[in-house]
Amino acid sequence: MDEMYFHFTIGPVQGFVAQARRTRDFWAGSFLLSWLAGVAMNAVLKQCSGNKTGIVFPRPSKELLDWWKGRKSDGPRQGTIPNRFLARVDGEAFNPQTVVDSVILAWRGLAAAVWDADLEGKPGICSEQRVIWNRQINGFWEISWALTKTKSQGDARALDQRKNWRTRYPTPEPGVSCMVIDGFQELSGESKPGANVTNFWEQQRKRLPTDLREGECLCAIAFVKRRFVRCFHGLKIDMPGNWTLTGWRGLTTNVPSNTFMAATPWLARVVRAAADEPARSAEGKQLSDFYGTAKALADHGERATKIKRIEEAVGEAQRAYPAHKEEIARLVQLDGSVFFDNLLDNGRLFQKHTEEHAAIVREKLKKLKEIAGGGPVPFYAVLAMDGDSLGAKMSKEENQEGIASALNEFTQAVAEKLVTEHHGFLIYAGGDDVLAVFAAEDALAGAVAIREEYRRCFKKQAEPEVRKSTISAAVHYVDIQRPLTRVLGETHDLLEKVAKDQTGRDSLAVRLTRPGGVSFEWSMPWEIALTPEKDDQGRPVERCLEVERLAGTLRPDMHPASDGGRDNEEGGRFSHGFFYKIRNHIALLNGGNGAVLGEKEAKAILATDYLNSGVHAPGRSLTFDDAVAAIGPLFQQCRRITRDPVSGEIATLAKDELGEVTDDAAMLVRFLATTVYGGE
């Protein structure tokens, strides 16, 4: 056997996944890209024989790849296969073009199924749409491969070099642009926006109301992303190499919207109120009244959405209040936009909208807010995570088995339990990459849990370099009205440019983006950002972020990460006004106006502000030393701390050297306490 190594990649990733108008678009792009990579892997394995050939990295289980060959019925909902992989093949017998042909055939077969089900012979569809469809479907994917004699780091770069050798340059498309994917013409074929475009898409929307919103104009690629789920289970394509590619059941069109994810903690509190015995009749009636009014405005777009806290709350309420069992179940299926005052006037979000009816729903919503003690938080969070420098470690053959084993275990844990247990929705988990959506209050805890699992999986491996593997994370808090077309790209920039490049990897970066722009951006190496692994007596403790613990000192009753009771006894609670004083002093702390301060002087200034902010514990006054100790943990999170890019060690300061100080950690703590855990 002439042993060789086959390097494969398919893209464009950003152009297919990141451009989205809904969380469902994110999920669909990630799933389909992973599915096509699985097609490529199966096409490789069909040409492999013996234990010396096969997929080297990443290495999905045989059971997972069996879904592509129809050996099971209900398959995975999330993509778990990266768009790039490495295989060991017999150079004499292996044909790379067969792999490429298999991927193209699979994509065109899926697109054909969508066309036949949704567009062929339908009103408004003629040969012009077919021309646009074929041009876009047939010319979209960029597939690159390389064959090398070894899998050394130098040979691994052959694929990157091949990707730079471009053989296809997409030509600019005419007409009106797709609203989801830049540079592609929407399917009406009209040369300019106007009534003809509107009428064409109104015809399609009447047939496909749940998948096309008013005003949306899609190209063929975006249309497939929206509609492929409807026909995926019946897919059956004869592939090169004498095997049959099939779809599977289990996929659903109901991916939680960003508004629904944002509302889930509040919605669970409202639903649980119906299970409260003393108030059962009153609260149950409020739920029933709201649902009876809102269902005429909003569709049941979250019908198959499964978020852990919602399912638990519904179960409790239904058992306690069976008279309203149906209303409770249907309430949590409503489009998430119906739970936000500022969205109720947006007629484009609802199927049957009138100003008068929206006003009635708003009044009913006011009653639910009284039940929950406030309204839903108008922010959700996108979590992106990526392993650090894993490619360099993979270039060493002695590391490859351990890395592949650790990543398989890690991917399975993320896909099967970690995101779900933290009440999130997983968009993608493949190799060392994770992308998920959370309610604002769950994202940080989810990131910590995933990071701890990553470390656990790698620490079990034999090679010392593999055991030290780390992962970086970005948590992006986003206003529910921010266009999703921007969010994923911004989140990946936060991960790559801030957590990895600026802070030095093995780090967490957090950003809040309001309608007016970025409010704060904070980043910190994990070991500084997290609370200690053991308490004062040396006992292991559950890890949480220090900023979450500090947020609990503002609202100790609102979040489990809080140890506010202890802090209250010691006079450690922060007041809201204190955070604004930190912002006012930042220029001084960083040497503005000619002042040069050390750490001791900086803490003294903040401790004085702290004492003057009215936080004295009942029955006694704090001393200055008490104040210095109280502000110490927050001060640490406000410092700009990075790693050395070569050694990976935390950059240290000379004794009493201040370094750069920002107010970003303070603003994060305040945001968590007053908005996320405290409600708007």
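In what follows, Ala, Val, Leu, Ile, Met, Phe, Trp, Tyr, Cys and Pro count as nonpolar, Asp, Glu, Lys and Arg as charged, and the others, Gly among them, as polar. The model is predicted. Its protein chain has a mean pLDDT of 86, and 89% of the residues reach 70 or more.

**Confidence**

- Over residues 556-572, pLDDT stays under 50.
- For residues 556-572 the model has 36 contacts beyond four places in sequence.

**Salt bridges**

- The whole structure contains 42 salt bridges.
- One of them joins the side chains of Arg205 and Glu202, at 3.2 Å from N to O. Both residues belong to helix H7 (residues 195-207), where they stand three residues apart, about one turn of the helix.
- Arg205 is buried, at a relative accessible area of 17%, whereas Glu202 is partly exposed, at 26%.
- Another salt bridge, at 3.0 Å from N to O, pairs Arg272 with Glu316. Arg272 is in helix H10 (residues 258-273) and Glu316 is in helix H12 (residues 308-320), so this pair ties together parts that are 44 residues apart in sequence.
- Both partners are partly exposed: Arg272 has a relative accessibility of 30%, and Glu316 has a relative accessible area of 32%.
- Arg455 and Glu452 also meet in a salt bridge, at 3.7 Å from N to O. They are three residues apart in helix H17 (residues 443-459), which means that about one helical turn separates them.
- Glu452 is partly exposed, with 25% relative accessibility.
- Arg455 and Glu452 take part in a network of salt bridges that also links Arg451, Asp506, Glu527 and Arg643.

**Cavities**

- Two cavities of 30 Å³ or more are present in the structure.
- The largest cavity has a volume of about 50 Å³. Its lining includes Phe31, Ser34, Trp35, Trp68 and Trp248.
- Helix H2 (residues 23-45) gives the largest share of that lining, three residues.
- By class, the lining of the largest cavity consists of six nonpolar and four polar residues, with no charged residues.
- The second largest cavity holds about 40 Å³ of space. Among the residues that line it are Glu521, Trp522, Cys638, Arg639 and Arg640.
- The lining of the second largest cavity divides into three nonpolar, three polar and three charged residues.

Conventions
Residues numbered from 1 in each chain as written. Predicted model: local features only at pLDDT ≥ 70, side-chain atom pairs only at ≥ 80, totals over all residues. Heavy atoms only, no water. pLDDT = per-residue confidence, 0-100. Contact = heavy atoms within 4.5 Å. Salt bridge = Lys/Arg side-chain N within 4 Å of Asp/Glu carboxyl O. Helix = DSSP H or I, 4+ residues; strand = E, 2+ residues; numbered from the N terminus. Buried < 20%, exposed > 50% of the residue type's maximum accessible area, 1.4 Å probe, protein only. 1 Å grid on protein atoms, 1.4 Å probe; cavity = no way out; pocket = protein on both sides within 12 Å on 5 of 7 lines; lining within 4 Å. Points joined across faces, edges and corners; volume = space filled by probe spheres on them.
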